[in-house]
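Student: I have not worked with this structure before. Please show me how to read its features, one at a time.

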Amino acid sequence: MNQQIKAPKKLIEVALPLDAINAESAREKSIRHGHPSTLHLWWARRPLATARAVIFGQMVNDPSWRWEMEHAGEVPPNHLKASWAKSRNRLFAIIRDLVLWANTTNEEVLERARVEIRKSWRETCDLNRDHPHAADLFDPDRIPGLHDPFAGGGAIPLEAQRLGLQAFASDLNPVAVLINKAMIEIPPKFAGRPPIGPIDNRGLAGKFDFPDQWAGAAGLAEDIRRYGAWMRDEAQQRVGYLYPPIEITLGIVAKRPDLKPLVGEKLTIIASLWARTVKSPSPAYRDVFVPLATSFILSKNEGSSSYVQPHVTGNSYTFDIEVGHPPESAENGTKLSRGANFRCLLSGTPIEPTYIKSEAVAGRMGARLMAVVAESRQGRVYLPPTEAIESAANQAQPDWKPELKISGSTQYIGVKPYGLDNFSQLFNNRQLVTLGTFSSLVEEARARVFQDALAAGLPDDGEPLATGGTGASAYADAISVYLAFAVSKETVFLSSLARWRSGENKSAPAFGRQAIAMVWDYADLNPFAGAGGDFFGIIQSFAKVLENGASLLPGEAEQLDATTQSLSAFKVISTDPPYYDNVPYADLSDYFYVWLRRSLKEVYPDLFATLAVPKTDELVAFAYRHDGKSGAEAFFLDGMTRAMRQLATHAHGAFPVTIYYAFKQADSDASSGTASTGWETFLDAVVKAGFALTGTWPMRTEGAGRLRAMSSNALASSIVLVCRPRGDGAATISRRSFIRELNQVLPEALDEMTRGSGEDRSPVAPVDLSQAIIGPGMAVFSKYTAVLEADGSAMTVQTALRLINRFLAEDDFDADTQFCLHWFEQHGWEGGKFGDADTLARAKGTAVDGVKQAGVVYSAGGIVRLLKWAEYPSNWNPETDTRLPVWEALHQLVRVVRTEGEAGAGAVLAAVATKAEATRQLAYRLYTLCERAGWAEDARAYNELITSWSAIESAAAKVAGPKQASLFDQA
């Protein structure tokens, strides 16, 4: 049915306002209140701003589509280019408004975007009105839905709903499926309904307005609050005794005179701070359990600095709390060095990792209370442990534990070497009792909701939520999903993997990174204290999420294997697949699954049918699952190829497919350019599946100006690949022909990227250029069935990438600049022998003395080195400079923009206008060189210049003198 479809070129295949999208995507990382990410933890989520912009660009026709469809291969006249640029700028303005977090629920902004989507769809329908299946595929009143087959945290389906599309999400991981159900499937089912829970259960009289009209998911959100409050109250009645207050006594005041006004008051404990313990390895103290404390500092805040002061008496010790600037010895507690290296508090004997592991595996690792954090009229105070407080924690005896073996590699599961190989061991007994109580209350709350729903008049159709019900049973199921999520989220706070952040005076929940990492001293939080980890605080955050973005359009989330699913049939596809070997989603999500399953296995029996999250078919390349590295790579390539083939086969032919992939910068070298096993394997799968690339867009989510060192293995840009199915009649070509075509395509593409296009489009920053150039290069490679090497074998993706990246290394500068460039490649800013410099200079058609005369090198005593920009003279006058290479112009610009700002740099640019284009190209070239060499500070200087180029150009245009043409204008 996808055959013979006439598909207009989409905006995302031509241009995007990348700067605005990236800026908002980076800013979004700091947003918490009302953000969908607060609903439940998931790893490697895409920013909503990115997802929204990509979907819009994927759905909207580019202004040039009609002319290019009728004049394929022809060069358009300039007046049409100008008209298209103006129309794109109008669409860019919509995107710039669309990506702002403040406009997430702004219906005026969203509707402007929806209008453009509907307009483009009508154009596409009109174009295909003679298609044999037009009635099914091109109904002007029914825009195709969007499917994400690797839905994960659900950003893409949620944003599809926001833009007026029916959303479909699927994932193999049941936790991911449940997250998507909670965001896109459940809220529309119960939209517009008033809450049914008794108001007096909330305990919040007067704190909230009660609107007459419960629009959207407001009623659902209010019921989550009401039943969440009931759960909080019930749990506190049942287990509140485990969290007793601490009384300020005269004994405490004797050591803390500042607390004298609080004598007799009972303060709520926010957190108890524990250190794990093992028996001392010293023969003199072999029966004493000593603390493994990474720090004794409790607070670094001005005015409340506090620290733990251990007191050793014979073969025992106690902990006191001191106020004031901590001594240097408190910084590292009993820790000696990185890793599990500690010292015995009593004897000073080193406690080595092997000893700690052996003791822990033997079940001889305990915990000792070091301090408590309490809330008072004077703010937060740190107090020494008391026997009563420690006894209250230790008396807890759970009647249920999440008994599931922890799977996965120790690379991500750092607790396993220390005997913590079962999920029940990641919580102390008090935490297990409390979480077990909350978990049991989910089922009780579900029964209460059902009865209240019947009393409110909802029909008792007996149809549960899992099979599509919308009556009393289904509503009770729906509320229980969010309450179970609250318990699941509570597990990252009530965990022996939560830490205390002394610099911020608050707790840090488990999963500070994408791993179950070992924590030696942990914060045991009070879920009834109204501080971090407070149960009702979690409930409140859920309600805000639903009030802030729930859609009225229907959504659907299913548990499906991406390699075999057919849900994608005739839908728009945008997806964010797993990143090769970056995150072991299944292993990590078992942490939550064990708790969710206990609460919801009757609500979603199929989703929670297994004891653990499915792992065998998870599309990640982990050696421990697949007989080594080569087996893991083969598994990933085969599975991802099959998954991509499902998309190429089933996706609606009128739209490109967009696929996110997060690129690792670590696997990079100067000879081959940017390279990564995961990236190459993924691209290989995309091409093998029958896709041709029509674009790549580097979407950065780090803060502006941040440049990671090359040794970092962190994920860099999310590269969005824009793909179309390759035609059945695609040809094969030779390596020579492929290179010839690259020679034709890439220079123009590179020029377009680095120059920008139109008044509202910035050039691609140097930091993103190596990823962006992959688009036009792989578009050439992937449109052919194969590129044949001289021996008849098919060219690999790795080879193609190397050929594409070489274009970033080519240059065409004056002789002095050529010398400087190649000398810089060899020596950087360090000096080299005069003889070597002389040989290179002659090869480049210049001389060392001549380059020295140009003022860009130092040459004396047989040593030659390049001058750094800070060494360039500040009284330089380009109008009187008789030998001005591009190298000098560039580094004078770098100096001036750093010392005088963009206005000063504009004056320089105006004076060297004839060299402006070459100067800009050299900045890109040097950025690429520095990035690959790992020279982060140098790379940052060139990147900053390019990202300021538009502003510098504007400043140059204002300089008095003959009016210049725009430096970005086409020649």
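**Reading the chain**

Tutor: Start with burial: of the 971 residues of the protein chain, 57% count as buried. Buried means under 20% relative accessible area, exposed over 50%, and partly exposed in between, with a 1.4 Å probe and protein chains only. This is a predicted model, in which local features need pLDDT of at least 70 and side-chain atom pairs count only at pLDDT 80 or more, while totals for chains, interfaces and linings use all residues. Residues are numbered from 1 along each chain as its sequence is written, and side-chain values use heavy atoms, with hydrogens and water left out.

Student: How many helices and strands are in the protein chain?

Tutor: Helices (H or I, at least four residues) and strands (E, at least two) are DSSP runs, numbered from the N terminus. Here the protein chain has 30 helices and 28 strands. Its radius of gyration is 32 Å, close to the 30 Å that the globule rule gives for 971 residues, so the chain is as compact as a globular protein of that length. That radius is taken over C-alpha atoms, and the rule is 2.2 Å times the number of residues to the power 0.38. Along the principal axes, the C-alpha atoms fill a box of roughly 85 × 80 × 60 Å.

Student: What do contacts in the protein chain join?

Tutor: Contact means heavy atoms within 4.5 Å. Among contacts between residues at least 6 apart in sequence, 74% join residues at least 24 apart. Take A466, in the loop between α13 (429–455) and α14 (472–490). A466 is partly exposed, with a relative accessible area of 40%. Not counting residues up to four places away in sequence, A466 touches V603 and Y604. The C-alpha atoms of A466 and D606 are 8.8 Å apart, although 140 residues separate the two along the chain.

Student: How many salt bridges does the structure hold?

Tutor: A salt bridge is a side-chain nitrogen of Lys or Arg within 4 Å of a carboxyl oxygen of Asp or Glu. The structure holds 50 of them. In one, the side chains of R920 and E917 meet at 2.4 Å, N to O.

Student: Where do R920 and E917 sit relative to each other?

Tutor: Both are in helix α28 (residues 916–933), three residues apart, so about one helical turn separates them. R920 counts as buried at 1% relative accessibility, whereas E917 is partly exposed at 25%.

Student: Which residues are linked in a network of salt bridges?

Tutor: E107, E111, R114 and R118 are linked in this way.

Student: Which side chain of opposite charge is nearest to D148?

Tutor: For charge, Lys and Arg count as positive and Asp and Glu as negative; His and the chain ends are not counted. D148, in strand β1 (residues 146–148), is buried yet has no salt bridge, and the nearest side chain of opposite charge, R46, is 9.2 Å away. Leaving aside neighbours within four places in sequence, the contacts of D148 include I156, P157 and F168.
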